[in-house]
Amino acid sequence: TNGQGSSSSDVRSFFTAILRPGPPQNFILTMNTNISLSFSWNPPVPKAGVNTPTQYIVRCVPQLEGIDTPAPVNQNADQLTATVIGLAPGVPYDCSVTAV
């Protein structure tokens, strides 16, 4: 009871929703060299209650598997472009960009 003769419900924990930006749009390769890939993209479609992202992560994962497989490479970006450097020559990569 609450001191006035009425009762309260059990205490329960609840969490508010985490609002994340959607995926960046029009992710394209703009230039490649033997050890780097350059990309550009557009910001995500705006969502109610979600701030426009100011930070992005470009991730390139090699498609090859084996002892000499290069490690995945992440590149942080605060613009709508990024160049991922330090890639292995002649290796195919799967790349993506994430808004954070």
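**Figure 1. Ser38 stands opposite Thr83 in strand E5.** The model is predicted; local features need pLDDT of at least 70 and side-chain atom pairs count only at pLDDT 80 or more, while totals for chains, interfaces and linings use all residues. Residues are numbered from 1 along each chain as its sequence is written, and side-chain values use heavy atoms, with hydrogens and water left out. Ser38 itself lies in strand E2; helices (H or I, at least four residues) and strands (E, at least two) are DSSP runs, numbered from the N terminus. The side chains of Ser38 and Thr83 are joined by a polar contact of 2.8 Å. A polar contact is a pair of N or O atoms within 3.5 Å; within protein, one must be able to donate a hydrogen and the other to accept it, and residues adjacent in sequence count only if both atoms are side-chain atoms. Is Ser38 buried or exposed? Ser38 counts as buried, at 6% relative accessibility. Buried means under 20% relative accessible area, exposed over 50%, and partly exposed in between (1.4 Å probe, protein chains only). Apart from neighbours within four places in sequence, Ser38 is in contact with Ile28, Leu29, Thr30, Met31, Ala82 and Thr83, where contact means heavy atoms within 4.5 Å.

**Figure 2. Strand E2 pairs with E1 and with E5.** Two strands pair if DSSP finds at least two bridges between them. Strands of a sheet pair through backbone hydrogen bonds, either parallel or antiparallel. E1 and E2 run antiparallel and are joined by five bridges; they form a hairpin with three residues between them. Within this pairing, Leu29 has Phe39 of E2 as its bridge partner. E2 and E5 also run antiparallel, with five bridges, and Leu37 has Val84 of E5 as its bridge partner. Six of the seven residues of E2 are buried, so the strand is largely enclosed by the rest of the structure.

**Figure 3. Phe27, Phe39, Trp41 and Tyr56 form one aromatic cluster.** A pair of aromatic rings is described by the distance of the centres and the angle of the planes. Rings of Phe, Tyr and Trp (its six-membered ring) pair if their centres lie within 6.5 Å; planes under 30 degrees apart count as stacked, over 60 as edge-to-face and the rest as tilted. By this rule there are three aromatic pairs. The ring centres of Phe27 and Phe39 are 4.8 Å apart and the planes are at 25°, so this pair is stacked. The pair links distant parts of the chain, with Phe27 in strand E1 (residues 25–32) and Phe39 in strand E2 (residues 36–42), twelve residues apart. Phe27 is partly exposed, with a relative accessible area of 28%, whereas Phe39 counts as buried at 6% relative accessibility. Tyr56 lies in strand E3 and is buried, with a relative accessible area of 2%.

**Figure 4. Strands E4, E3 and E6 form an open sheet in the order E4-E3-E6.** The pairing in this sheet is antiparallel. Strand E4 (73–77) and strand E6 (93–99) stand at the edges with a single partner strand each, so one side of each has no neighbour in the sheet. From one strand to the next the twist averages 15°; axes are lines fitted to C-alpha atoms, for helices over the stretch in contact, and angles run from 0 to 180 degrees between N-to-C directions. Strand E3 (residues 56–62) pairs with E4 over five bridges, in the antiparallel sense. Which residue in E4 is the bridge partner of Ile57? The partner is Asn76.

**Figure 5. The largest nonpolar core has 15 residues.** A nonpolar core is a set of buried Ala, Val, Leu, Ile, Met, Phe, Trp, Tyr and Cys residues joined through side-chain atoms within 4.5 Å. Phe39, Trp41, Val58, Cys60, Val84 and Leu87 touch the most other members. E2, E3, E4, strand E5 (81–85) and E6 are the elements that give two or more residues to this core. Leaving aside neighbours within four places in sequence, the contacts of Cys60 include Leu37, Phe39, Val84, Leu87 and Cys95.

**Figure 6. Asn26 has a positive phi of about 55° although it is not a glycine.** Asn26 is placed in strand E1. The residue Asn26 is exposed, with a relative accessible area of 54%.
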